[in-house]
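Visitor: I'd like a quick tour of this one. Can you bring it up?
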Amino acid sequence: MKSKIILIVALVVFMILAGMPLYQQRNFEEKIITGDSVVDVFKLSKYFEPLEGTVQDTNVYELKGEEPGGKVLIIAGTHENEPSAMTFAFFMVENMKVDKGTIYIIPHFNRSGSLGTQAGGGFPLYYDIDTEWGEKVFRFGDRGLQPLDQWPDPDVYVHYPEGQLLSYIDSRNTNRTWPGKANGTLAEQTTYAAMQMIEDEDIDIVIDLHEAETMYPVTNCIVVPEKSKPYAIGTSLFVKGREGFENHVEPSPTGYRGLSHREIGDYSDAYPFLFESPGAHLDQITAGKTVDLIVSGIDPFIMEAEKKGLLFVPYDENGFSMDRRVGQHSSVFQELMSQWSKKNKDKEVIVEVPKYADIVENGLGYYFKNPDEVDEDLVYIE
Ligand SMILES: [Zn+2]
């Protein structure tokens, strides 16, 4: 009897010790600094009340120019294990000057996903970006909502409203639950809230930021439905000519439901664009899933795969760093804005923010101020 009690006590102590880091990560506060163009910060539940108070009631940052113009929604953190999306959002909120138009930025769209790392994937709980004042730390998250926040999974996920049968795992994937469902799961309610926002605010362009494997064909690209294609093609060509990097265009399949680049286009007047940058840490064949791999994108096995011609991205011993990935997102975004503005004079969007070459040269960390040294009214918790 006594030995059983000792065993149970030891087990409980072990469970508490093992759970502590996960508990701490779930409560870890990232700090985001609002730049000069931010005019308002509010919650996504503004557009759909039932989201209020839930883990998915995420922050929306509104950046406005002196002149009215087009309206853009930038979504980061659909997949919280694709970190250049989030670091790009932080960079934009802090550094972008909007001269014309309105830009809404959501840094953690699937906020639940950011509150726990990828179970069983061997990934760290955090990653960090070097700055002049120390390390800026971010939570490393998962692809879907945490089971803690949406459970149990169905045997088969039935997409609403199209009725397509998808993998059970995608019921927690906010890039399979568009256009959402008011009385659906938390994931469906999250995309539903965003669709309400797109409608209420008359959003012209929605950009959903992602990363994909270097060995997967749909990477280093812009995924678009037919109506967004002319803008994406112009962006891809000009970015290559002006800034020297590849970013091809991929068509959004018409028969594959639930994805932002499909449903936002079909269920609203907005033009959707999904940006993919290459995240080597997502490939199956890499060595340890370390912070260094996530940030530098350097991996010996990916390098071997490159030699065998197995990659879909340009890759050498310098890897595909966070600086490069965020730099690409920035340049592709700005080129898209100029392509859009050329054809929509009444809805122009004019912004100023560093592009690819500057970000790669200075390093992303150069653009993050120390939250402890700025006016505390400017600092928000993510
Ligand atoms: Zn993704």
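Guide: Phe275 sits in strand 13 (residues 271-278). Strands are DSSP runs of E, at least two residues, and helices are runs of H or I, at least four, both numbered from the N terminus. This is a predicted model: local features need pLDDT of at least 70, side-chain atom pairs count only at pLDDT 80 or more, and totals for chains, interfaces and linings use all residues. Residues are numbered from 1 along each chain as its sequence is written, and side-chain values use heavy atoms, with hydrogens and water left out.

Visitor: Is Phe275 buried or exposed?
Guide: Phe275 is buried, because its relative accessibility is 2%. Buried means under 20% relative accessible area, exposed over 50%, and partly exposed in between (1.4 Å probe, protein chains only).

Visitor: What does Phe275 touch?
Guide: Its contacts include Ile207, Asp208, Leu209, His210, Cys221 and Phe333, not counting residues up to four places away in sequence. Contact means heavy atoms within 4.5 Å.

Visitor: Now the metal. Which residues coordinate the zinc ion?
Guide: His79 (ND1), Glu82 (OE), Glu82 (OE) and His210 (ND1), at 2.1 to 2.4 Å. Donors are N, O and S atoms within 2.8 Å of the metal (3.2 Å for Na, K and Ca); water is not among the atoms, so sites may look incomplete.
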